[in-house]
Amino acid sequence: MDHMRPRAERARRVADDLRQQITEGRFAGSALPDERSLGRQLGASRNAVREALDLLRLEGLIVRRRGVGTTVVMPKYGHGLDRLAGLAETLTGHGSIVNHVRVAEKVAVLPEAVAARLEVPAESGGVHLERLRSLNGLPLSLDTSYLTADVGAAVLTGDLESQDVFALIEETTGCRLARADVAVHALCADPDTAALLAIEAGSAVFALERLTRLTDGRAVDAESIRIRADRMTLHATLFRT
């Protein structure tokens, strides 16, 4: 029974339940119910709910104000990992997306690690892009891409401020993207990244590393994306075969 669980465990369980509802957008644009109502919904004591809310407050997910109640600090947006789509494509309909182009240049020699990912000689060169993406006026992600020389040259002719790199690759080259290898891990934001994303140094960010290939299997785009963890939820639908 719930009352027999250790106090900290009860609070953590309630916090997990509430966090899931918040990230699903259940309370978007409105205050959370009061502690007594939440306790009835979640089968938890008022003390457990209060401690759970304190945990979520420390995470920066909610804010509690006397006379106002408990509200979600800002919405979290979902980005599916089971479909090959750019972040801006995923966020269509959620508001105004702006890409601030910080770097867009040809490089004569690729960094060795990047060349290895793209499966080309470093001396073949390529294109380096860095864009700071904002949604509804707030920074969301810092996207760094290295593209192969031919594909990157075409992308540089496109509208980097308003279009996803994926869309530009397909539009400017006439070639379809087929698949990508993706790895996601968590980092504490370094001071430079934190300043760009308007968060405190050491805050949690998702680090998404993605290598995208054309239908012929050729690797063309090696990305490193840093996403504010307080603004994004990564999700996927998985099938057991």
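Mentor: Start with a term. A nonpolar core is a set of buried Ala, Val, Leu, Ile, Met, Phe, Trp, Tyr and Cys residues joined through side-chain atoms within 4.5 Å. Buried means under 20% relative accessible area, exposed over 50%, and partly exposed in between, with a 1.4 Å probe and protein chains only.

Trainee: And what kind of model is this, and how are residues numbered?

Mentor: This is a predicted model: local features need pLDDT of at least 70, side-chain atom pairs count only at pLDDT 80 or more, and totals for chains, interfaces and linings use all residues. Residues are numbered from 1 along each chain as its sequence is written, and side-chain values use heavy atoms, with hydrogens and water left out.

Trainee: Ok, how many helices and strands?

Mentor: Eight helices and 10 strands. Those are DSSP runs, helices being H or I with at least four residues and strands E with at least two, numbered from the N terminus.

Trainee: How much of the protein is buried?

Mentor: Of its 241 residues, 42% are buried.

Trainee: Now the cores. Which residues have the most contacts inside the largest one?

Mentor: Val14, Leu18, Ile22, Leu53 and Leu56. That core has 17 residues. Helix 1, helix 2 and helix 3 are the elements that give two or more residues to it. Helix 3 gives the most, with five.

Trainee: Helix 1, then. Which residues in it are buried?

Mentor: Arg10, Ala11, Val14, Ala15, Leu18, Gln21 and Ile22. They cover an arc of only 130° around the axis, so they sit on the same side of helix 1. The arc is that of the directions from the helix axis to the C-beta atoms.

Trainee: What covers them?

Mentor: The cover includes helix 2 (35-42), helix 3 (46-58), strand 1 (62-65) and strand 2 (69-72).

Trainee: What span should helix 1 have?

Mentor: Helix 1 runs over residues 7-23, and its 17 residues at 1.5 Å each should span 24 Å. The end C-alpha atoms are 24 Å apart, which agrees. The expected span is 1.5 Å times one less than the number of residues.

Trainee: What comes just after helix 1?

Mentor: Glycine 25, with a positive phi of about 85°.

Trainee: How do strand 1 and strand 2 pair?

Mentor: Antiparallel, over four bridges. Two strands pair if DSSP finds at least two bridges between them. Arginine 65 has glycine 69 of strand 2 as its bridge partner. Three residues lie between the strands in this hairpin, and glycine 67 takes a positive phi near 85°.

Trainee: Glutamate 35: buried or exposed?

Mentor: Glutamate 35 counts as buried, because its relative accessibility is 11%. Its place is in helix 2. Beyond neighbours within four places in sequence, glutamate 35 contacts Arg46, Val49, Arg50, Leu53 and Arg64. Glutamate 35 and arginine 46 are 11 residues apart along the chain, with C-alpha atoms separated by 5.9 Å.

Trainee: New topic. How many residues of strand 9 are buried?

Mentor: Eight of the 10 in residues 219-228, so strand 9 is largely enclosed by the rest of the structure.

Trainee: Which strands pair with strand 9?

Mentor: Strand 6 (residues 138-148) pairs antiparallel with strand 9 over seven bridges. Serine 145 stands opposite glutamate 223 there. Strand 8 (residues 204-214) also runs antiparallel to strand 9, joined by nine bridges. Phenylalanine 206 stands opposite isoleucine 227.

Trainee: What's in the turn between strand 8 and strand 9?

Mentor: Four residues lie between the two strands of that hairpin. Glycine 217 in the turn has a positive phi of about 90°.

Trainee: Which residue other than glycine has a positive phi?

Mentor: Alanine 198 has one, near 60°. It lies in the loop between helix 8 (191-197) and strand 8. Alanine 198 is exposed, with a relative accessible area of 52%. Glutamate 119 also has a positive phi, about 60°. Glutamate 119 is in the loop between helix 5 (112-118) and strand 5 (126-135). At 52% relative accessibility, glutamate 119 counts as exposed.

Trainee: Why flag those?

Mentor: Because most residues other than glycine have a negative phi.

Notes: Contact means heavy atoms within 4.5 Å.
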